[in-house]
Amino acid sequence: MRATSLPGVAFAGQGVRPEVVLESLRRHGAHPLVPALLDALRAPTLEALDLTDTRVVQPAIYVAGLAAAEARFGPAAEVPLVAGHSLGELAALAYAGVVGAEDGLRLALARGRLCQAVQRKRPGAMAAVVGLEPVAVEWLRRQVVAERPGVLEIAAVNGQRQVVLSGDRASVALAVARVADTAARAVELPIGGAFHSPLMIGALPGWRAALRAATFSPCRTRVVSCVDAEQHDDPADLRELLAKALMLPVRWADTVETVRRLGVCELWDAGPGTVPRAPGRRGHAAAVSAVGGGESLPARESDHLLS
């Protein structure tokens, strides 16, 4: 890869306000994936999209993020690396050339359908805990499970004081109540499902089948996976990581640290919404900073979080 002064590119996941996604799609309406999205969802206009529906919002976020990156850097720009937060990994792989843009859209559509079906059978929820370090959240999680046996897992570590929990609705509600007894706060996320938890197991067979049907090619730029926070270039490895990402937690803080370790000190946020601003680890110099940004609407806490 040629030397470049461009930043890396980061792609956001679900949990974005509908109006933010809609504004991004409007802004990039000339991108060929936008009419393809409308056609696939049988929607006459962008305004007709139900962006509270998992089956709709997942492919919409994929299209919005990829279109923003291509508008900023072009479809074949040699940015130093890409990373995606949860669902954002699909757009990251498309931008890196691992999957074709149309294949990526088909995968996003399949992911949304499969996850919506799981939510109907085994309803779940997610909540962001802000103000507690990961060890403290894990301690709280274990107490909740001991008090009320159920499914409650750490779904993402976005930073030293921003952790996401995922599980059945009653367990998540109890965790939110327990956080209220501390100096921290918990924000239930507007996401239809317990992503990155065992409740997603029902979607896994269909998701693996969809991934097998898609062509995965060698990447044209470095890819850092949020599943294991490592750089990968083997298409088979990236396919498997996408499969496992449904149930494994998002290691975003570690991913940002890996980006920094690879010598990339800036990430351009393709949006929509924003990716979490994970700080660098203690003892290290500067954290990776987000520059640019795909969207202009003001972000709220729930815009920073996943799935």
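## Helix H2 and its buried face

Leu-33, Val-34, Leu-37 and Leu-38 are buried in helix H2, which spans residues 33-41. Around the axis these residues cover an arc of only 145 degrees, and they therefore lie on the same side of H2. The structure described here is a predicted model.

The packing partners of the buried H2 residues are helix H1 (18-27), helix H3 (54-73) and helix H5 (101-121). After H2 comes Arg-42, which has a positive phi near 55 degrees.

Side chains of opposite charge can pair when their charged atoms come close. The model contains 13 salt bridges. One of them joins Asp-103 to Arg-106, with an N to O distance of 2.6 Å. About one helical turn separates Asp-103 and Arg-106, because they are three residues apart in helix H5. Asp-103 has a relative accessibility of 16% and so counts as buried, the limit being under 20%.

Glu-138 is partly exposed at 22% relative accessibility, whereas Arg-141 is buried with a relative accessible area of 12%. A network of salt bridges links Glu-138, Arg-141 and Arg-142.

A further salt bridge connects the side chains of Asp-254 and Arg-251 at 3.1 Å, N to O. Arg-251 is partly exposed, at 33% relative accessibility.

Note on methods. Residues numbered from 1 in each chain as written. Predicted model: local features only at pLDDT ≥ 70, side-chain atom pairs only at ≥ 80, totals over all residues. Heavy atoms only, no water. Buried < 20%, exposed > 50% of the residue type's maximum accessible area, 1.4 Å probe, protein only. Helix = DSSP H or I, 4+ residues; strand = E, 2+ residues; numbered from the N terminus. Arc of directions from axis to C-beta. Contact = heavy atoms within 4.5 Å. Salt bridge = Lys/Arg side-chain N within 4 Å of Asp/Glu carboxyl O.
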